[in-house]
Amino acid sequence: MTDALDAPLRAELLLDQDVPEDLGRELVAALDGLGAPPVRVRRTLAHRGVADIPWIVLASLPLQAFLSGLGAEAVKDAYTAFKGVVRRTARPGSPDGGAARPLVLQDPAGGVSVVLEPDLPAEAYELLVGLDLAEFTVGPLHYDRAQGRWRSVLDEAAG
């Protein structure tokens, strides 16, 4: 039986209609550079409003293996490119000054998700690389700037 961490990483992307084509291609290239090439890229339905979808990109992939791989020296440049794409993708797409919507990484097996907001500090990404998702059961995980850690309010309320 193949260990989940040894299996090749594959991502599925669901992009909001607000994500420009070129930014979508950059995100696909960034994930490919990190060893998680998207096998399917889809768009949300056009008739949904921004208020209906709290995220701008949903990436479904084996999250623990993906996060573990981010710390490898070989992917440092690709990781930097990925962080830049996250920042650009999650910026508000409308000139009316709507709120920025995050990119969400979701583990299809465990269901835990990580919310990547566009203005995350460098230390949030550093902590994310070493994060043990087994510590969380519900999610979603958000970076708490005041506490300097990734946390799930729902997990904390259940515990």
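Modeller: The buried residues of helix H2 pack against H1, H3, strand E4 (103–106), strand E5 (113–116) and H4; here contact means heavy atoms within 4.5 Å. H2 covers residues 63–70, and its buried positions are Leu 63, Ala 65, Phe 66, Leu 67 and Leu 70. Buried means under 20% relative accessible area, exposed over 50%, and partly exposed in between, using a 1.4 Å probe and protein chains only. Helices (H or I, at least four residues) and strands (E, at least two) are DSSP runs numbered from the N terminus.

The model is predicted: local features require pLDDT of at least 70 and side-chain atom pairs pLDDT 80 or more, while totals for chains, interfaces and linings use all residues. Residues are numbered from 1 along each chain as its sequence is written, and side-chain values use heavy atoms, with hydrogens and water left out.

For orientation, the protein chain holds five helices and seven strands, and from the N terminus on these elements run β-α-β-β-α-α-β-β-α-β-β-α. Of its 159 residues, 43% count as buried. Among contacts between residues at least 6 apart in sequence, 66% join residues at least 24 apart.

The axes of H1 (residues 21–33) and H3 (residues 76–89) come within 9 Å and cross at roughly 150 degrees. Such axes are lines fitted to C-alpha atoms, for helices over the stretch in contact, and the angles run from 0 to 180 degrees between N-to-C directions. H1 and H3 are therefore roughly antiparallel to each other; angles under 35 degrees count as roughly parallel, over 145 as roughly antiparallel, 65 to 115 as roughly perpendicular and the rest as oblique. The crossing of H1 past H3 is left-handed, a label used if the near helix is turned anticlockwise from the far one by less than a right angle, with right-handed used if clockwise.

On the H1 side, the residues that meet H3 are Leu 23, Glu 26, Leu 27, Ala 30, Leu 31 and Gly 33, and their counterparts in H3 are Ala 78, Phe 82, Val 85, Arg 88 and Thr 89. By class, this contact has seven nonpolar, two polar and two charged residues. Ala, Val, Leu, Ile, Met, Phe, Trp, Tyr, Cys and Pro count as nonpolar, Asp, Glu, Lys and Arg as charged, and the others, Gly among them, as polar.

Arg 88 of H3 deserves a separate word. With its neighbours within four places in sequence left aside, Arg 88 is in contact with Leu 23 and Glu 26. Because its relative accessibility is 42%, Arg 88 counts as partly exposed.

Finally, Ala 72 occupies the loop between H2 and H3. With 34% relative accessibility, Ala 72 counts as partly exposed. From C-alpha to C-alpha, Ala 72 and Val 129 are 9.4 Å apart in space and 57 residues apart in sequence.
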